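Reader: Can you walk me through this one? I'd like contacts and packing, with the cut-offs.

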Amino acid sequence: MIRLLVLSLLLGTAGLSMLLARAPWFRQPNLASRLRVHTPGLPDRRPRILGARSFRDALGPAAEHVGGWAARAVGINEDLSTRLERLHRAMTPTQFRITQLRQAVLALLGAAVVATVLSVATAPGLLLVFVAPMLSLLIDEQRLALASQRWKRDLVLELPTVEEQMAMLLDAGWSLGGTLQRVADRSCGPASQDIARLLRSVRRGNTYRDSLREWSVIADVPAVDRLAAILSLADQGADLGRLVSDEAQLGREERHRELLAAVERKGQQVWIPVTVAALVPGCMLLALPFLRALSFFAS
């Protein structure tokens with residue numbers, strides 16, 4: 001009965017607030033709103049109390065604080081805007097945090113409903129209600145971190161092929177801008193998407209050096225750092241074709257060494273179950289005479 005009374009009170013308060021917000025005598029409009037009626041063709045820019053923008057402005061700081069805590073809880077200290085820019089997500093950090101907070105609230109409500117329907121005890125019910133939104137926040141943060149790591153790995157794997165294409169075009173006499181545009185148009189992988197973003201930055205008025213430095217910071221990959229440093233030498237008359245080709249060869253050698261190390265680790269892991277299967281029966285066979293000797297000396 002008390003739960004129903006509290007729920008009815010909350011719903012009644014929300015409904016009364018919505019009705020009063022629409023009443024002209026309760027909320028006196030400002031001068032701009034009164035003059036807008038007499039100005040035809042002027043767009044309506046009145047702030048809405050219960051609009052999406054007002055909720056976003058009100059919940060944005062709280063969502064960013066809670067989301068930042070969840071990121072630090074799973075050991076992620078990288079800036080959220082950098083990760084979203086790396087993944088080419090068409091959303092701002094505030095929008096991502098608000099979506100994350102909305103899912104946590106839904107998880108909280110779902111846990112409360114489950115605890116109420118199943119008549120869970122007080123302590124387990126409170127634990128469930130507390131753990132559900134925390135898990136939702138941590139899962140979203142971990143999912144974004146894993147997506148960022150996969151993007152970086154795919155970028156590292158694709159980069160030698162892209163560098164070889166760039167080296168051939170530069171050796172053929174193409175300019176740096178034409179080479180980057182050609183690579184961005186003929187592929188759809190992580191490297192080509194990053195290069196397309198780099199070209200958009202150049203069209204906005206930035207120099208190639210600044211755009212390459214920005215790409216290096218966002219990608220956070222040593223191979224991209226080296227490639228950006230090489231391409232920054234375009235205005236100094238350097239032999240970019242040869243340098244980029246050498247960098248592609250170096251990248252392939254690094255991937256080859258990593259592959260050999262992974263194969264060696266897999267080979268070592270194969271012997272773990274074999275060793276355990278051989279040691280356990282041997283230890284049991286050695287334990288029998290040892291226990292027999294202990295019983296003999298004890299008697």
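Author: Contact means heavy atoms within 4.5 Å. This is a predicted model, where local features need pLDDT of at least 70, side-chain atom pairs count only at pLDDT 80 or more, and totals for chains, interfaces and linings use all residues. Residues are numbered from 1 along each chain as its sequence is written, and side-chain values use heavy atoms, with hydrogens and water left out.

Reader: Is S136 buried or exposed?

Author: S136 is buried, because its relative accessible area is 14% and buried means under 20% (exposed is over 50%, partly exposed in between; 1.4 Å probe, protein chains only).

Reader: Where is S136 placed?

Author: In helix 6, residues 122–171. Helices are DSSP runs of H or I, at least four residues, numbered from the N terminus.

Reader: Switching to cores. Which residues touch the most other members in the largest nonpolar core?

Author: L180, I195, W215, L231 and V244, out of 29 residues. Such a core is a set of buried Ala, Val, Leu, Ile, Met, Phe, Trp, Tyr and Cys residues joined through side-chain atoms within 4.5 Å.

Reader: Which helix gives the largest share of this core?

Author: Helix 6, with 8 residues.

Reader: And what is W215 in contact with?

Author: Leaving aside neighbours within four places in sequence, W215 is in contact with D194, I195, R197, L198, V224 and L227.

Notes. Helix = DSSP H or I, 4+ residues; strand = E, 2+ residues; numbered from the N terminus.
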